[in-house]
Amino acid sequence: MNKNKKEDMRPFDMTRPPKRIPWYILPLMWGGSFVMTRASHLKIKKVGVSEIKPPYLVISTHQGFSDYYIAPLALYPYRANYVSDMEGFAAFGYWLYRSIGCIGKRRYVSDVTVLQNMYKCIEAGDSVVLFPESRHANVGTTSKLPKNLGQLAKHFAKKYGIPLVILSAHGSYLTNPFWDEEHTRKGRMEATLEKLYTADELLNMDAEEVQSAIEKKLQYDEYAWQQENGIEFIGKNLAKGLEGPLYQCISCGKKYAMISKDDRIGCTSCRKVWKLSPRGFLYDTDGRKYQIPEWYEWERDNATSKIEPKRFKVRIEALPNEHGFVNLGEGRLVMNDISFTLHFKAKKKYNYIPKDWKIAKTEDGDEVRIEFPHEYRESLQTEYNYKGNGMAIVLSNQDATYYIYSDDKHFNPTELQFIAEALTRC
């Protein structure tokens, strides 16, 4: 994990204008993307885009990390700018991330400067690519989408007269599942770049109608696609890490008792074991077949049928800017039907105090409280083993992003995500 050596808590400068990709970076970007997708024999289909000229507003699916390589190849030979999470600036370096056209944003935080930076890209003649799911797919199905995509497409059509283009991909999740990003599988990927509406069509449609069409185009089920296309994966670690999203036993109902090894996942409570087949089905010892997305949605129903307050002892890493992570030490995470609230002791006097920190003086030092209301956030980011540090959830506000880890056996990011999505008003 990149450490912020000076423990600099000053927030990332979101107001700095995005950079247009330099001409000498473009071939390196396209060449690198080609190399990274070559093993998967990426095929790109273009529908209707030959009839229009950039810039476009591009809305893309976001199954996995490979989507960042697919998008530049799909838009070739044109430039684009990419709305990206803050972590990329710390992981790959500020200069590089800006040079490949990235616009900084914190996940699930509304920020008008992001919209203003998108304007600047369009005015420079370049398309803008959004990944509205805001995180990689947990089990190869579409994550929750914001409800303002139709309004956004109409806004850009009215302001700049640009069309709406959809980029949809398959195979990104299957070749590198989010719950086991350490092991890349040999598979295939394909993508479609499609003109959905011209600017004139957008201006004559209701925002709700546009929203519905966008959501339909962004829907995917990677296991259904795998099985329809007869794609098989073999190897030793097919199911390793699957207990991250599948944390509740579908046989006995016990939570937090699932473990995985090689191509199997099992329950330590009832001793039931399932084997993941090359075509993506889970089979138990009696030969019964289970679909991973169906198991996942069964868990969602259970998690949201009765929501109770939760409290965890946690470890906290803050990502305020491109310089890396600041270790804030141990604290408490409290969840109720209003918010997530983070409590911890400030270890030192920082050079900047984030606006959302509420500080109380105590005999032991400054007690910090940060509240993350559910109503302002569509979802939360899940991490199953981020940088080898274990399971985490990620919560953000305007000034910083917080990676929150816990060794509590009742702490599961997927369950907390289900609850957060059920309580949001977005």
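Reader: Which residues line the largest cavity?
Author: The lining of the largest cavity consists of L174, P177, W179, R185, Y223, Q226, F233, L238, L276, S277, P278 and G280. The model is predicted, so local features need pLDDT of at least 70 and side-chain atom pairs count only at pLDDT 80 or more, while totals for chains, interfaces and linings use all residues. Residues are numbered from 1 along each chain as its sequence is written, and side-chain values use heavy atoms, with hydrogens and water left out.

Reader: What makes a space a cavity, and what makes a residue part of the lining?
Author: On a 1 Å grid over the protein atoms alone, a cavity is a set of points where a 1.4 Å probe fits but cannot get out; a pocket is an open set with protein on both sides within 12 Å along at least five of seven lines; a lining residue has an atom within 4 Å of a point. Two cavities of 30 Å³ or more are present in the structure.

Reader: What is the volume of the largest cavity?
Author: The largest cavity holds about 110 Å³ of space. Volume here is the space filled by probe spheres set on the grid points, which are joined across faces, edges and corners.

Reader: Which strand gives the most to the lining of the second largest cavity?
Author: That strand is β4, with three residues. Both α4 (94–99) and β4 (102–105) supply at least two residues each. Helices (H or I, at least four residues) and strands (E, at least two) are DSSP runs, numbered from the N terminus. The second largest cavity has a volume of about 80 Å³, and its lining has seven nonpolar, two polar and three charged residues.

Reader: Where does β4 stand in the sheet, and why is one side of β4 left without a neighbour?
Author: The open sheet has seven strands in the order β1-β7-β6-β2-β5-β3-β4, with mixed pairing. β1 (43–47) and β4 are at the edges with a single partner strand each, so one side of each has no neighbour in the sheet. Two strands pair if DSSP finds at least two bridges between them.

Reader: How do you know that β2 and β6 pair?
Author: Four bridges join β2 (residues 57–60) to β6 (residues 164–170), and the two run parallel. S60 is opposite L167 in β6.

Reader: Why is α5 called oblique to α6?
Author: Helix α5 (residues 112–123) and helix α6 (residues 149–160) pack at about 45°, with axes 12 Å apart. That angle makes α5 oblique to α6, because under 35 degrees is roughly parallel, over 145 roughly antiparallel, 65 to 115 roughly perpendicular, and the rest oblique.

Reader: Which residues lie nearest the centre of the second largest pocket?
Author: They are V83, K105, V114, L130 and N148, out of 27 lining residues. About 690 Å³ of space lies in this pocket, and β3, α5 and α6 each supply at least two residues of its lining.

Reader: What supplies the largest share of the lining of the largest pocket?
Author: α3 does, with four residues. The largest pocket has about 1000 Å³ of space. Among its 40 lining residues, F178, E383, Y384, N385 and Y386 are the closest to its centre.

Note on methods
Nonpolar A, V, L, I, M, F, W, Y, C, P; charged D, E, K, R; others polar. Axes fitted to C-alpha atoms, helices over the stretch in contact; angles between N-to-C directions.
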